[in-house]
Amino acid sequence: MTTPSWARTLVTLACRLLPAGQVRDRWREELLADLEVLAGRERAAYVVGVVVNAWALRSAVRGGQAGVAVARAARRPLGCRLNLRHSWHVVSTEDGHPYWECRDCHKTWVTVRPPGDWSPGF
Ligand SMILES: [Zn+2]
């Protein structure tokens, strides 16, 4: 999948707020790699999230290890932060009870059915 130049440009510009050097390069590469797997509205939402959270990411990076939680929060997709869209998958407790968890923000959904699926059981 080819990422449009506008998306790459906005992410690259947002990364300019980060300290120059390996940290900036690593973040830019990681954020651009995330873009490669997204399309359409998801891609646009991701770019908006990167731009909106650029200052928070800068603060987190400058704060070193103390800012790791802030950096993780800043990298959560916009859909998760707005609680509008999650990337659900099934995981199990140690005793084998299944539940749904978001791959991106680890929010849990305690049911055996996917969110939004109100059909009778599996
Ligand atoms: Zn989520």
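How many disulfides does the count come to in this structure? Taking a disulfide as a pair of cysteine sulfur atoms within 2.5 Å, the count comes to 0.

Before I continue, please note that this is a predicted model, in which local features need pLDDT of at least 70, side-chain atom pairs count only at pLDDT 80 or more, and totals for chains, interfaces and linings use all residues. Residues are numbered from 1 along each chain as its sequence is written, and side-chain values use heavy atoms, with hydrogens and water left out.

Cys80 is buried, at a relative accessible area of 6%, and Cys105 is buried at 18%. Here buried means under 20% relative accessible area, exposed over 50%, and partly exposed in between, for a 1.4 Å probe and protein chains only.

I turn now to the largest nonpolar core, which has 16 residues. Such a core is a set of buried Ala, Val, Leu, Ile, Met, Phe, Trp, Tyr and Cys residues joined through side-chain atoms within 4.5 Å. At least two of its residues come from each of α1 (5-15), α2 (22-36), α3 (40-52) and α4 (54-62); helices are DSSP runs of H or I, at least four residues, numbered from the N terminus. Leu35 is among the residues with the most contacts inside this core. Beyond its neighbours within four places in sequence, Leu35 is in contact (heavy atoms within 4.5 Å) with residues including Ala7, Val11 and Tyr46.

Finally, consider α1. Its buried residues are Ala7, Val11, Ala14 and Cys15. Seen down the helix axis, they fall within an arc of 105°, so they line one face of α1; the arc is that of the directions from the axis to the C-beta atoms. Their cover includes α2, α3 and α4, whereas Ser5 and Leu13, on the other side of α1, are exposed.
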